Amino acid sequence: MTYLAGAGGIFHSVDLARLKSYAFEIGPLRPPSEGGSFSLLLRVTRNCPWNGCTFCYGRFYNREPFGLRSVDEVKADIDSAKAISDELIEFSLRLGYAGKVGPLAAVLQSQQLYGKEETDLTEKEFKNLYCLVTVFNFVVTGGENAFLQDADTPIMDTGQLVEVIEYLKRKYPGVKRIASFARSKPSSRKRQRSLAGSARLASPGFTSGWKRVTTSC
Ligand code: SF4
């Protein structure tokens with residue numbers, strides 16, 4: 001149990017145990033433009049299936065093997081993110097902040113949650129804190145942007161990708177932009193309308209502008 005100053009300076013007891021129980025999978029990368037807009041990060045595949053661009057060779061993913069994730073796994077992650085945002089809004093209401101989550105930034109610190117410095121957190125604790133902060137940033141900036149990780153989301157079966165996007169939109173109707181990294185070859189094979197009109201794709205070929213560094217990615 002933690003006591004927090006609510007609106008009007010009155011202290012309220014808040015049980016943080018449930019907040020500390022949530023986690024979902026987040027990949028290592030997002031483009032700088034997504035960092036600035038604090039997108040909700042959702043890992044729909046793992047790592048890069050290509051590893052062939054000469055400036056990268058997949059090193060941002062430690063050249064770990066590429067893997068697809070099941071729709072059920074991704075939906076469970078979306079559920080966890082939604083549970084965190086619901087919990088934050090409920091805390092805000094209880095503290096008298098009318099659902100605004102900004103004042104809760106003070107709670108989402110490793111000392112408040114775990115009573116120790118961030119450098120002393122276990123891997124599980126650190127993952128939980130990272131998920132909480134990611135969802136907090138997404139909600140506090142309006143909850144409009146989501147970024148699907150990792151390197152090549154369109155490689156997913158189109159029906160499964162649409163199912164994920166529709167589920168995300170159902171859980172977060174306020175989301176207006178869903179972005180992702182994409183290799184140019186698999187993307188060019190998708191009909192534009194098959195991506196549900198929601199996707200904004202960034203490819204190394206488009207961003208570098210130099211064909212030699214991407215060699216048919
Ligand atoms: S597609 Fe992306 S992650 Fe893969 S090698 Fe190229 S730049 Fe790196």
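Me: How do the axes of helix 2 and helix 5 cross?
Reply: They come within 10 Å and cross at roughly 15 degrees. That makes helix 2 roughly parallel to helix 5 (angles under 35 degrees count as that). This is a predicted model, where local features need pLDDT of at least 70, side-chain atom pairs count only at pLDDT 80 or more, and totals for chains, interfaces and linings use all residues. Residues are numbered from 1 along each chain as its sequence is written.
Me: Which residues make the contact?
Reply: On helix 2, Val71, Val74, Lys75, Ile78 and Lys82; on helix 5, Gln160, Glu163, Val164, Tyr167, Leu168 and Lys171. Contact means C-beta atoms, placed from the backbone, within 7 Å.
Me: Switching topic: how many residues does the largest nonpolar core have?
Reply: 34, with Leu40, Leu88 and Phe136 among those with the most contacts inside it. A core here is a set of buried Ala, Val, Leu, Ile, Met, Phe, Trp, Tyr and Cys residues joined through C-beta atoms within 7 Å, and buried means 20 or more other C-beta atoms within 10 Å of a residue's own.
Me: Which helix gives the largest share?
Reply: Helix 4, with seven residues.
Me: What does Ala146 touch?
Reply: Leaving aside neighbours within four places in sequence, Ala146 is in contact with Ser39, Leu40, Leu42, Leu168, Val175 and Ile178.
Me: What's in the second core?
Reply: That separate core has six residues, including Cys48, Tyr61, Ala151 and Ala182.

Notes
A residue is buried if 20 or more other C-beta atoms lie within 10 Å of its own, exposed if 12 or fewer, and partly exposed in between; C-beta atoms are placed from the backbone. Helices (H or I, at least four residues) and strands (E, at least two) are DSSP runs, numbered from the N terminus. Two residues are in contact if their C-beta atoms, placed from the backbone, lie within 7 Å. Axes are lines fitted to C-alpha atoms, for helices over the stretch in contact, and angles run from 0 to 180 degrees between N-to-C directions. Angles under 35 degrees count as roughly parallel, over 145 as roughly antiparallel, 65 to 115 as roughly perpendicular and the rest as oblique.
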